[in-house]
Amino acid sequence: MRDLAFCPPGSSVVVTGAGRGIGAATATRLAEEGIRVVACDLDGEAVEATCASITDAGGACVAVKADVTDQRDVEHIAEVAADSDRPVRGLVNNAAVGAFHMDVESTSLDDWNRIIATNLTSVFLMSKVCIPLIRAAGGGVIVNVSSIHAYATSPGVAPYAAAKGGVLTLTRTMALDLAPDNIRVMALIPGAVDTPMLRSHAEREGKTLEELGFPSSPNAIARIASPEELAGTISFLISRDATFMTGSALIADGGILAKF
Ligand SMILES: NC(=O)c1ccc[n+]([C@@H]2O[C@H](COP(=O)([O-])OP(=O)(O)OC[C@H]3O[C@@H](n4cnc5c(N)ncnc54)[C@H](O)[C@@H]3O)[C@@H](O)[C@H]2O)c1
């Protein structure tokens with residue numbers, strides 16, 4: 001029988017997009033649970049700040065300024081992750097960019113390629129360098145942060161929705177490829193979460209979150225999520241309590257997708 005795949009206290013977990021939002025909350029939560037966090041972000045100052053607050057609180061964290069679309073940066077992340085006596089048991093592919101007012105006709109090829117690279121190809125690149133580390137540690141967990149847009153979407157988010165759908169299907173095939181290595185792969189499907197991504201979208205539109213339709217239905221949980229709630233769900237997915245879950249998606253959307 002295979003060992004149980006989870007990320008125990010004392011192991012290392014790589015978290016991308018850890019400078020703010022869900023990534024920062026996840027880095028903080030995992031560090032509180034005794035995990036050494038390898039926190040990466042394009043925004044060097046932000047990820048240093050996340051790490052400083054973790055280490056001030058007694059946690060273990062190393063900050064890496066890196067672009068998850070850049071192969072050399074991604075290889076550097078893996079080198080930093082491996083440079084420790086703590087085995088790398090997990091990867092949270094969280095970094096992404098929001099993209100609105102982009103239907104197929106209005107989206108330039110450059111924008112399409114940039115969004116697909118950041119939101120989908122990064123999951124491929126980061127997984128490619130981290131899988132050997134997790135395998136060498138005896139197994140672990142990869143969590144790919146997708147979105148409700150992988151299931152039900154809205155007008156004007158063509159590259160974002162396509163990328164997030166790709167993250168979901170990539171999760172399934174990775175799970176099948178990696179089960180023999182004792183590596184579980186899960187997708188997380190957040191609904192609306194109160195992060196700079198969502199706030200800056202509202203600012204650009206000159207509207208409140210409520211005016212933009214968040215939360216979308218009084219029949220769903222009538223508020224948007226905090227980043228800490230999603231961090232808690234990620235903590236569950238990499239934990240000993242989720243060891244029979246792989247190749248599937250956990251929807252944490254307050255009930256939005258339950259309604260048609
Ligand atoms: N906020 C929501 O409502 C919501 C809903 C569904 C899914 N999500 C998903 O959750 C994840 C986190 O979103 P968030 O709301 O916390 O976003 P955010 O914009 O608040 O934070 C994203 C972080 O990723 C970093 N990042 C962006 N591009 C990068 C790159 N190329 N290399 C390294 N780092 C990069 C940013 O600097 C930023 O710190 C994303 O995958 C997003 O698509 C968010």
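1. For the classes used in this point, Ala, Val, Leu, Ile, Met, Phe, Trp, Tyr, Cys and Pro count as nonpolar, Asp, Glu, Lys and Arg as charged, and the others, Gly among them, as polar. On that basis the shell around the ligand holds 14 nonpolar, ten polar and four charged residues. Please keep in mind throughout that this is a predicted model.

2. Which residues are the closest to the ligand? Of the 28 residues that surround the ligand, the closest are Gly 17, Gly 21, Ala 96, Thr 195 and Met 197. The elements that contribute two or more residues to this shell are α1, which covers 21–32, and α6, which covers 196–205.

3. Turning to the overall fold, the chain contains seven helices and seven strands, and these follow one another along the sequence in the pattern β-α-β-α-β-α-β-α-β-α-β-α-α-β. The chain is as compact as a globular protein of its length, because its radius of gyration of 17 Å is close to the 18 Å that the globule rule gives for 260 residues. Along its principal axes the C-alpha trace spans about 50 × 40 × 35 Å.

4. Two further figures describe how the chain packs. Buried residues make up 47% of the 260 residues, and among contacts with a separation of 6 or more, 75% are accounted for by residues 24 or more positions apart.

5. Leaving aside residues up to four places away in sequence, Thr 121 touches Thr 69 and Ile 116. Thr 69 is 52 residues from Thr 121 along the chain, and the C-alpha atoms of the two are separated by 6.9 Å.

6. The loop between β4, residues 88–93, and α4 contains His 101, whose phi near 55° is a positive value in a residue other than glycine. His 101 counts as exposed because it has 12 C-beta neighbours inside 10 Å. Met 102 is also found in the loop between β4 and α4, but with 19 C-beta neighbours inside 10 Å Met 102 counts as partly exposed.

7. The contacts of Met 102, not counting residues up to four places away in sequence, are with Thr 107, Asp 111, Gly 156, Val 157, Ala 158 and Pro 159. For Pro 159, which is 57 residues from Met 102 along the chain, the separation of the two C-alpha atoms is 7.3 Å.

8. Where does Asn 182 lie? Asn 182 is in the loop between α5, residues 158–178, and β6, residues 183–190, and has a positive phi of about 65° although it is not a glycine. Asn 182 counts as partly exposed, with 17 C-beta neighbours inside 10 Å. When checking backbone angles, I would read Asn 182 alongside His 101.

Definitions and conventions
Residues numbered from 1 in each chain as written. Predicted model: local features only at pLDDT ≥ 70, side-chain atom pairs only at ≥ 80, totals over all residues. Near = placed C-beta within 6 Å. Helix = DSSP H or I, 4+ residues; strand = E, 2+ residues; numbered from the N terminus. Rg over C-alpha atoms; globule rule 2.2 N^0.38 Å. Buried ≥ 20, exposed ≤ 12 C-beta atoms within 10 Å, placed from the backbone. Contact = placed C-beta atoms within 7 Å.
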